[in-house]
Amino acid sequence: MEEITGARKMANGVLVEYRRGGVSQTVGFPYDDLIAMEINALDLVEHPEDYEVDPEGKAIFPCPSKCQGPPAG
């Protein structure tokens with residue numbers, strides 16, 4: 001799993017940028033795939049740091065740290 005460093009809207013989906021081994025790489029996701037993964041494309045573009053990408057598995061996941069609620073106190 002890699003941290004997403006950027007995302008841009010394309011005509012048929014979203015192009016996601018991530019870093020691996022100090023090298024910037026990209027992978028594209030069609031809107032249909034994002035919908036199937038229950039990923040909001042607009043939120044992904046506006047807040048790419050809230051997501052992680054599995055480039056080999058062609059999947060995007062919300063970052064676990066972003067999904068946790070406030071600490072119980």
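1. Basis of the description. Helices (H or I, at least four residues) and strands (E, at least two) are DSSP runs, numbered from the N terminus. The model is a predicted one, in which local features need pLDDT of at least 70 and side-chain atom pairs count only at pLDDT 80 or more, while totals for chains, interfaces and linings use all residues. Residues are numbered from 1 along each chain as its sequence is written, and side-chain values use heavy atoms, with hydrogens and water left out.

2. Overall make-up. The chain contains 3 helices and 5 strands. Read from the N terminus, its elements follow the order β-β-β-α-α-β-β-α. Of its 73 residues, 33% count as buried; buried means under 20% relative accessible area, exposed over 50%, and partly exposed in between, with a 1.4 Å probe and protein chains only. A contact means heavy atoms within 4.5 Å. Among the contacts in the chain with a separation of 6 or more, 33% come from residues 24 or more positions apart.

3. The sheet. The 5 strands form an open sheet in the order β3-β2-β1-β4-β5, and the pairing is antiparallel. Two strands pair if DSSP finds at least two bridges between them. The edges are β3 (23-30) and β5 (59-62), each of which pairs on one side only. From one strand to the next the twist averages 40°, where axes are lines fitted to C-alpha atoms, for helices over the stretch in contact, and angles run from 0 to 180 degrees between N-to-C directions.

4. Strand pairings. β1 (residues 2-10) and β2 (residues 13-20) run antiparallel and are joined by 6 bridges. Methionine 10 stands opposite glycine 13 in β2. The antiparallel pairing of β1 with β4 extends over 2 bridges, and here glutamate 3 stands opposite glutamate 52 in β4. Between β4 and β5, 4 bridges make up the antiparallel pairing; valine 53 has isoleucine 60 in β5 as its bridge partner.

5. The nonpolar core. A nonpolar core is a set of buried Ala, Val, Leu, Ile, Met, Phe, Trp, Tyr and Cys residues joined through side-chain atoms within 4.5 Å. The largest one has 14 residues, of which Val16, Leu34, Leu44, Val53 and Ile60 touch the most other members. Two or more residues are given to this core by each of β1, β2, β3, α2 (41-46) and β4 (51-54). The most come from β2, which gives 3 residues. In soluble globular proteins, nonpolar side chains tend to be buried together.

6. Valine 53. Leaving aside residues up to four places away in sequence, valine 53 touches Met1, Glu2, Ile4, Val16, Tyr18, Val27, Phe29, Ala59 and Ile60.

7. Methionine 1. This residue lies in the segment before β1. Methionine 1 counts as exposed because its relative accessibility is 55%. Not counting residues up to four places away in sequence, methionine 1 touches Glu52, Val53, Asp54 and Phe61.

8. Lysine 58. The place of lysine 58 is in the loop between β4 and β5, a hairpin with 4 residues between the strands. Its phi is near 50°, a positive value in a residue other than glycine. Lysine 58 counts as partly exposed because its relative accessibility is 38%. The charged end of lysine 58 sits over the ring of phenylalanine 29, 4.7 Å from the ring centre; the criterion is NZ of Lys or CZ of Arg within 6 Å of the ring centre and within 35 degrees of the ring normal.

9. Glutamate 38. Another positive phi, near 60°, belongs to glutamate 38, likewise a residue other than glycine. Glutamate 38 lies in the loop between α1 (31-36) and α2. With a relative accessibility of 74%, glutamate 38 therefore counts as exposed.

10. Leucine 42. Helix α2 holds leucine 42. Leucine 42 counts as exposed because its relative accessibility is 54%. The C-alpha atoms of leucine 42 and arginine 8 are separated by 9.4 Å, and the two residues are 34 residues apart along the chain.
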